[in-house]
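Biologist: Please show me the structure. I would like to know what lies behind the terms used for it.

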Amino acid sequence: MFRKLLPKILMLVTMFALVISACAPAATATVAPTEKPAAAPTEAPAAAPTEAPAASPTEAPAAEATWRDTDPYKAFPEKVTMVLVKGGQENAALLPEGESIEDNRALKYIEDTLNLDITFSWVVPSDAYSDKLNLGIASGDIPDVMIVDAQQLEQLAAADAIEDMTPYIEQFANKDLMENYNQTKGAALAAATVNGKVMGIPNVQPQADAPIMVFVRQDWLTKLGLEAPKTVDDVEAIAKAFIEQDPDGNGEADTFGLTGTMNPVQVPSNLHGFDAIFNAYGSFPTLFYKNAEGKVVYGSVQPETKDALARLAQMYTDGIIDPEFATKDTGKSNEIIASGKGGIMMGPWWIPWWPLNDSVTNDPNADWQPFLVQDKNGKYTFSMGGYTYSYVVVKKGFAHPEAALKILNIQNDLSYGLNDAPQYYPNFNEIWNLLFPVPFLIEQPYVVERMGREYNEAVDGKLDPATFSEAMKLEFEQIKTDMAAPRADVPSWSTRMARLDAALLLAQGYNEVRNDPAAARIYPLDENWPSLKKMEEEAILQIITGAQPVDYFDTFVTQWYDNGGTALLEKMNK
Ligand SMILES: [Ca+2]
């Protein structure tokens with residue numbers, strides 16, 4: 001069971017790293033996601049009529065025709081050659097014997113279905129991909145189709161080196177991919193839009209890391225006669241009681257209120273961050289979003305951020321927040337939780353898998369429960385990460401730009417067993433990015449919520465768990481195991497708490513604030529951005545810890561605008 005869980009945690013950490021790297025100016029790193037989101041409802045292709053054709057000539061071709069003859073799948077009449085490039089070489093040994101990145105059954109299926117001849121001009125280890133591609137971009141030597149990051153998209157579009165994909169996406173993306181785009185309410189395609197043209201095919205990553213929730217030890221609440229939290233006031237009152245009223249019952253004043261880290265704000269994924277408290281004040285630091293007038297503003301310099309900082313500074317002064325939070329990293333603050341010295345932790349829905357599992361392992365009474373923090377209007381509004389961080393682009397002049405979309409359609413079918421796609425590989429989740437010529441995912445954005453609802457319906461007997469994918473069946477067994485004997489088996493508890501309880505909280509719905517997709521491509525390239533970012537991080541920590549008074553926020557805001565912020569916002573709003 002631990003083996004089963006481990007990749008999931010790695011996946012989440014990887015996803016987190018990808019999101020962060022997408023924001024950092026120098027981080028041209030991994031554009032190809034190395035994880036298969038846990039979501040993968042790899043439906044067994046029970047309905048797929050794989051053996052039928054030869055037997056019944058009248059029916060089978062018709063059945064085939066329904067998808068093979070549509071725009072998203074139709075084979076090219078003449079063989080189309082396509083040159084690609086690829087990372088992932090370091091893992092090639094995971095492929096079945098006799099198969100390689102350049103020659104495998106999944107690739108062959110794609111080539112045969114579309115009448116393509118795919119070759120690779122180079123294959124390199126994952127961490128060399130972006131540099132190698134940058135060299136190619138600089139020298140004008142690029143493949144026909146490639147995965148790029150936001151900066152490379154900007155560069156290639158500015159150089160007029162890639163095709164405008166606007167005419168192709170709706171016609172050639174299949175209905176599953178279009179549905180996933182639609183669920184982002186236009187944000188994914190907007191992220192790929194440069195000067196009004198969709199210049200790349202955007203990825204969609206699941207909403208796995210935001211919003212930030214507050215997890216609280218229900219056993220401590222019960223012991224001290226406290227209600228579950230709804231507001232920042234409640235969280236503070238609980239923290240105060242956890243510090244003062246000896247919830248662990250050892251007669252010593254040795255328990256913490258709120259934990260924190262040197263990164264009080266980090267969207268979308270932050271362990272021990274104060275993001276949820278900022279959000280409760282209507283403050284969305286680190287995000288460039290459109291205000292009510294449709295103008296892009298920066299959350300960190302809005303008056304609501306001062307209000308939230310004033311509250312946090314007061315909490316710090318009052319000893320509600322760990323006095324040493326500003327020097328602690330995630331690992332240090334995790335120790336507080338794991339050792340049973342803290343009963344409140346803020347973090348994403350998946351923290352029952354890590355680090356709360358360590359707390360339960362050490363103390364099976366540690367009954368952590370998730371809650372969302374309301375704002376002063378009783379509403380839930382949270383900072384969210386972007387849906388999109390990478391793009392598939394097509395070299396200018398390539399005769400069939402739609403081929404890129406057709407490949408992505410079939411890759412989606414291979415992932416989920418749709419449209420007769422063969423399921424060749426028992427270890428598919430480990431090797432999909434090696435098999436696929438364009439290792440790129442356009443996923444369901446709200447898959448965590450969807451799975452939570454489905455697990456809940458299965459618990460209520462409204463949905464037959466036999467219809468679940470193998471991965472979901474395993475998780476559902478864990479959920480039932482923990483319901484039968486809470487916290488007796490820690491991995492089962494983690495899965496139940498993350499996949500059911502926390503996911504259902506998300507499924508209740510909330511408002512979202514995100515980076516404006518176009519603005520998100522501008523600030524990482526801005527020459528003043530690194531110094532603006534540093535100025536902001538210092539100001540936030542200084543104000544919370546009292547090294548500067550709350551009114552220092554006004555000085556910070558003036559400096560931020562004067563040292564490049566005004567110019568940056570002008571670029572975004574022109
Ligand atoms: Ca104590």
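The talk below takes up helices, then sheets.

Modeller: This is a predicted model: local features need pLDDT of at least 70, side-chain atom pairs count only at pLDDT 80 or more, and totals for chains, interfaces and linings use all residues. Residues are numbered from 1 along each chain as its sequence is written.

Biologist: Why is H21 called roughly antiparallel to H22?

Modeller: The axes of helix H21 (residues 529-545) and helix H22 (residues 552-573) cross at roughly 175 degrees. Angles under 35 degrees count as roughly parallel, over 145 as roughly antiparallel, 65 to 115 as roughly perpendicular and the rest as oblique. That makes the pair roughly antiparallel. The two axes also come within 10 Å. Axes are lines fitted to C-alpha atoms, for helices over the stretch in contact, and angles run from 0 to 180 degrees between N-to-C directions.

Biologist: What makes the contact of H21 with H22?

Modeller: Residues count as in contact if their C-beta atoms, placed from the backbone, lie within 7 Å. On H21 they include Leu 532, Met 535 and Ile 543. On H22 they include Phe 553, Phe 556 and Trp 560. The contact residues divide into 8 nonpolar, 6 polar and 1 charged. Ala, Val, Leu, Ile, Met, Phe, Trp, Tyr, Cys and Pro count as nonpolar, Asp, Glu, Lys and Arg as charged, and the others, Gly among them, as polar.

Biologist: How do you know that the span of H12 is close to the expected one?

Modeller: Helix H12 (residues 303-317) has 15 residues. The expected span is 1.5 Å times one less than the number of residues. That gives 21 Å, and H12 reaches 21 Å from its first C-alpha to its last.

Biologist: Which residues of H12 are buried, and what covers them?

Modeller: Among them are Leu 309, Leu 312 and Tyr 316. Buried asks for 20 or more other C-beta atoms within 10 Å of the residue's own, C-beta atoms being placed from the backbone; exposed is 12 or fewer, and partly exposed is in between. The cover includes H10, helix H11 (275-280), H21 and H22.

Biologist: How many bridges join S3 to S13?

Modeller: There are 5, and the two strands run antiparallel. Val 145 stands opposite Val 394 in S13. Helices (H or I, at least four residues) and strands (E, at least two) are DSSP runs, numbered from the N terminus.

Key: Contact = placed C-beta atoms within 7 Å. Pairing = 2+ DSSP bridges.
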